[in-house]
There are 2 protein chains.
Amino acid sequence: MSWTKALFEPHAVAVYGSVSPGKIGRVLVDQLLDGGFREIIAVNPKAAGTDRVPGVRSLGDLPEDRRPVELAIVASPAATVPEVLKDAGEAGTQAAVVITAGFKETGNAAAEEKILDVAAAYGIRLVGPNCAGIVNTKHHLFPTLETRPPVGDVAFVSQSGALGGAVLSWAEEQKVGFSKFISYGNGADLTEIDFLDALREDDESKVVCLYIETVSNGRAFLRAAAELAAIKPLIVIKSGRSRSGSRATLSHTGSMAGSDAVYDAALRQCGAIRATGIEEMFDLCRGFVSLPPMNGRRLAIVTNSGGPGVLAADRAEAEQLEILPPSDGLRARLQERLVAFCGFENPFDLTVQGDSAAYREVLCEVLTEYDGALAINVNVPYLDAAPLAQGVVEAAAATGKPIAASFMAGAPAAAALPVLEAGGVPNFATGERAVRVLSLLAERERGGERRDRSPVSIASEAPGARDASAGSSEAATAGSRDLPWDRNPLESEAMDWLETLGFPVIERRLATTPDEAVDAANAFDRPVAMKVVSPGIVHKSDVGGVLLNVEGAADVLEAFDRLHRTAEGHAFGGVLISPMVAAPVEALAGLSYDAQFGPVVACGLGGIYTEALRDLSLRVAPVDRNEATAMIDELRGVSILRGTRGRVLRDLGALAELVARLSRLPITFPQIQELDLNPVFVLERGVRIGDVRIAVAPRSSDRS
Amino acid sequence: MSWTKALFEPHAVAVYGSVSPGKIGRVLVDQLLDGGFREIIAVNPKAAGTDRVPGVRSLGDLPEDRRPVELAIVASPAATVPEVLKDAGEAGTQAAVVITAGFKETGNAAAEEKILDVAAAYGIRLVGPNCAGIVNTKHHLFPTLETRPPVGDVAFVSQSGALGGAVLSWAEEQKVGFSKFISYGNGADLTEIDFLDALREDDESKVVCLYIETVSNGRAFLRAAAELAAIKPLIVIKSGRSRSGSRATLSHTGSMAGSDAVYDAALRQCGAIRATGIEEMFDLCRGFVSLPPMNGRRLAIVTNSGGPGVLAADRAEAEQLEILPPSDGLRARLQERLVAFCGFENPFDLTVQGDSAAYREVLCEVLTEYDGALAINVNVPYLDAAPLAQGVVEAAAATGKPIAASFMAGAPAAAALPVLEAGGVPNFATGERAVRVLSLLAERERGGERRDRSPVSIASEAPGARDASAGSSEAATAGSRDLPWDRNPLESEAMDWLETLGFPVIERRLATTPDEAVDAANAFDRPVAMKVVSPGIVHKSDVGGVLLNVEGAADVLEAFDRLHRTAEGHAFGGVLISPMVAAPVEALAGLSYDAQFGPVVACGLGGIYTEALRDLSLRVAPVDRNEATAMIDELRGVSILRGTRGRVLRDLGALAELVARLSRLPITFPQIQELDLNPVFVLERGVRIGDVRIAVAPRSSDRS
């Protein structure tokens, strides 16, 4: 028997812990009974039961014909949990939900190790400890302290028990029903990854929601999330945006690729939908459970009131939905149907004349050329809104296209809401909120197309094993190699190394004497750029260690001298001389290492704009060239890289190629901690790496 | 008697129109009666009344002892409205609310003019036509078709009747009470400006909300909004963000200063709070009505559950509130008070142990060093939330600082909500929504300080009268002058002109022959920049009309020749030669002319970055130097202008001075349609205008 069956569809449940009135064991027993579950056994030292549930001292005392008890719910004190699991395990229990707190979350990691050991010895899979329980509404199973939610098609997995409880309490009012709920607490054994895998195959869950504050294994999470999202919508609330803390970084990429930005990129990469909070999660659930796919971004807004229609249209355009005017043919058909002073543009305004037939017919008509519709109704107290809702419901059935409703608000709308619900048309408090959901509905279809084109390689690909917490479970990749240095290389060393790997590094010569400098400058078309090379100087331009546009031989000599002086007090590694690039367009490409997800690749504007604008695209590495192109297209400043009017177009294909190749580097060289290519000169044909900085991690896996 | 008294506090009301069952006149009469108003007279050709209201053919038929009837509510057909107003006016009525539609909004502007004429002849002030009526809850006056809202301290003025109705319907559920509601429809006579002025002085309205799609007179609106916002919070929903349409523009400033961006700037300038939609408006009302001022941005979050606390903290930081850790002293005091495994950082996590005393004491304690607090509670079904709410209420009373609550959700929280409401602590559906309100509460206090320092000059200052719809009602300003051209000037002409006005224009020489070009180049330190001057060439760089870094005499000659050739087919005005600026930092400063608000001033990054990044600060002109400094500080790319590391700091003071001076130019020269200074070189000391483009409007006021 699989753990999922034992956990979610047990024949019998044991509740460990006191069932005296007011005790948590008693609350659990009552919840189970009230939810309609019957096969319950209370287990505690006094063998105490309740009036409706028998009690035993040990599950072993149970008569043979009442076994097996597949699931144990544990609410006994922390110190007793190992004994409890032993007792359950000996009786053949296969899954346990440990509600009891007082383990790792209070610093007691040893106790948590101990219960894991016992569970493993008996083949019990654990939920918790320190969790709020689980729910399987369709099995009438409610071993939880939280409100019993209505039955429905949404599964919800929550790292926070209290937040999970808030969601369940709110579900009725929000008109969202749940199939399953799992609060996994400390996740000592089963984690969000296991539940994502289980819910992927669960036909009773059409939509999966996840609340996380952190993940246990970034790459494994990505794999599980991507596989689930390929089949059904995965809605994720990730909190702790601002908690990334500040770690000292050497590179631009490292300082800007904060943890939350990486989560954001990772969630998008695996096709999950990131909700900003609980309300948006509910909105998305309502939409994704009921609505058919939206196969494009053209939205029609049909309303009986101008103001709310315009507010929704504003939001729609902000969400990149297209609020296009109708074709001439459609406009003519609508004009035939509607009275003269209605609005025939988009939003389509039925005015107060909009009756049931008007909603139905206009929605059916417009959906011949739009991908989805929003039906807004603002009613007055003396009119009946129910027939209008009926018109919307009929249009949804007739067209098979997504129609969201916003029947606003209070008493005048009350009669409409059950009609919409019965007809499977999700209703939203405001048109703006409906539009947000429709936008993500369309986005999911588009994402689906992209996933078909290029499957998420990051999830399956070994990132170069370096750190168990962030790497995959695979051992060190066969092809992984050491970097040639144990320390951070000098710029000149890093450039030489990248060149041997086939990266397009700018021409350069290292001069250690003034004469060599003049020779080097003569070798290039002058003017040249000259930079000091010294292990002690991290930010060269801060100390005047970069001189541009150096022209004549005398100037080269003077420049060499000045640069030499900037290295005073440090080791002097020479002066690096390169030709100046005419009309430079500067990009940045980089790598950093995220504690959760491992290697991350970045691109953005280069030079002084990198930090000033913080305009950086991130992905968990590696990416292919298509994905690298998408990264470049996302940049606010993409038109600067592309080359603006009156200038030559720049070779963004070569930049994408560079980013994609760079993103594979950490697979071969897991010791790369941070890497900046900045600037990367984007030319009319090709790119040239103008500067390189690499931070090297220790070879051992002892990094914190 | 003032129109406000007649409109909002009439002794008697006449309802014009049929009062047969189902007719609008009857709905109005019933609404008035149900709301508790008694002195009602129905006026219609049949002199029909209802069982509770007498009917007359004309108000003049009313016995003397029942007059005057100060207010007429008009629901009779459009064609009858002039006669109706005449009838009411002859009987001494001073205000009329015309609910009847079919005027300007259906193209019938003449009918609207006619009713305005009649009203003016009798001194009647009009609300409407095509409106949804008004409400004065404190006078039991509900002449409206919409839901009667609960009594409270919020006044709501709406350009859209239906949206107004949706708000009123929702008010009960949202726990927001209203003092007054005004739907002004077409605003033929009284407009949002009149109502803002009236509500400024209205002691029964503590907070004013406004829904607008457009304003009738930008400058007058700004004046009224600023004066109101100086006294009480003004919350504005402005829809039609995306409706600006695209007009062809010559300048960067013009193309980016779209209408909605100008509204946004204008609303901020006058101290109004822009809400994104109805839900946020309700949240803001609840907060601003109940909460004391928040005199800083340090927020403490006190919660009994980690997850929701972290979500709120994330949002708080996104809203620029400061989620700082407690001082050591405070932490020690909290540790004394709370059990060991509570969270002593911010958010402060009371865990499930958090009882009434814990909420009260911890809130009181933290508010000794924070400016405001958010109290989050996630309850479980078997615990009573009311005492916890009581703890929060007591803390609010004891500290006198703003405390918002988020008691989440459904049945477990239900008992807490009346306690919070009775205690004047606003509750929000989520912590994130509470945080948004607290942020705007703090913002308002900060704005207040700014308003004290520099009063809104834009509102009172004449923008240079040029167009009645956008200018103030003042006639052409005495000091206004014509520009020296009737057409768009050449760059060289514009530069000369600005220089005569004392603007810091870059050194330059105009060369019309190759020899003059060499002489000019010799006059400067080479290299030089050379640009073609031709009235036919708008985008010089698109046609190769700008050559930079021209060095030797031979190069200057060749450059002159090339530039001359770019002007082929156009008139050739010569070549403008300027010294190159070393290590340029380029800004843009500009002017445009907004149809609603008149002259608008902008600043941003210059050169190729202007369009690529669309990073532009806007204000309605003029601005003082402080405001110009704030504009520069708002730019995402401000650090580029300031000068990044390793480079000299740039003179942003001089840039602010330039922007402030520029912003006054349209007062003197109202014919400036658009003006771009781009680039403006920001130097270590001072600034230099590198290029000027001016679009000139016709002198007459016949522009569309």
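In this predicted model, the largest nonpolar core takes in 107 residues. Those with the most contacts inside this core come from both chains: A:Leu655, A:Leu665 and A:Leu677, together with B:Leu655, B:Leu665 and B:Leu677. A:Leu655 gives a handy view of the surroundings, as its partners, leaving aside residues up to four places away in sequence, are A:Ala587, A:Ile632, A:Leu641, A:Val680, A:Val682 and A:Val687. In soluble globular proteins, nonpolar side chains tend to be buried together.

In chain B, B:Leu655 also takes part in a helix packing. Helix α23(B), residues 625-634, packs against helix α25(B), residues 652-668, at an angle of about 115°, and the two axes are 8 Å apart. The crossing of this pair is right-handed. On the α23(B) side, the contact is made by B:Arg625, B:Ala628, B:Thr629, B:Met631 and B:Ile632; α25(B) brings B:Leu652, B:Gly653, B:Leu655, B:Ala656, B:Glu657, B:Val659 and B:Ala660.

Turning to the two chains as a pair, chain A superposes on chain B through a rotation of 180° with 0.0 Å of shift along the axis, with an RMSD of 0.1 Å. This is the relation of a two-fold axis. A:Leu613 is the residue of chain A that comes closest to the rotation axis, its C-alpha lying at 4.7 Å. Of the interface residues of chain A, 99% are also interface residues in chain B, so the copies meet through the same surface.

How values were computed:
Residues numbered from 1 in each chain as written. Chains lettered and ligands numbered in written order. Predicted model: local features only at pLDDT ≥ 70, side-chain atom pairs only at ≥ 80, totals over all residues. Heavy atoms only, no water. Axes fitted to C-alpha atoms, helices over the stretch in contact; angles between N-to-C directions. Helix = DSSP H or I, 4+ residues; strand = E, 2+ residues; numbered from the N terminus. Left-handed = near helix turned anticlockwise from the far one by under 90°. Contact = heavy atoms within 4.5 Å. Core = buried A, V, L, I, M, F, W, Y, C linked by side-chain atoms within 4.5 Å. Buried < 20%, exposed > 50% of the residue type's maximum accessible area, 1.4 Å probe, protein only. Least-squares fit on C-alpha atoms with pLDDT ≥ 70 in both.
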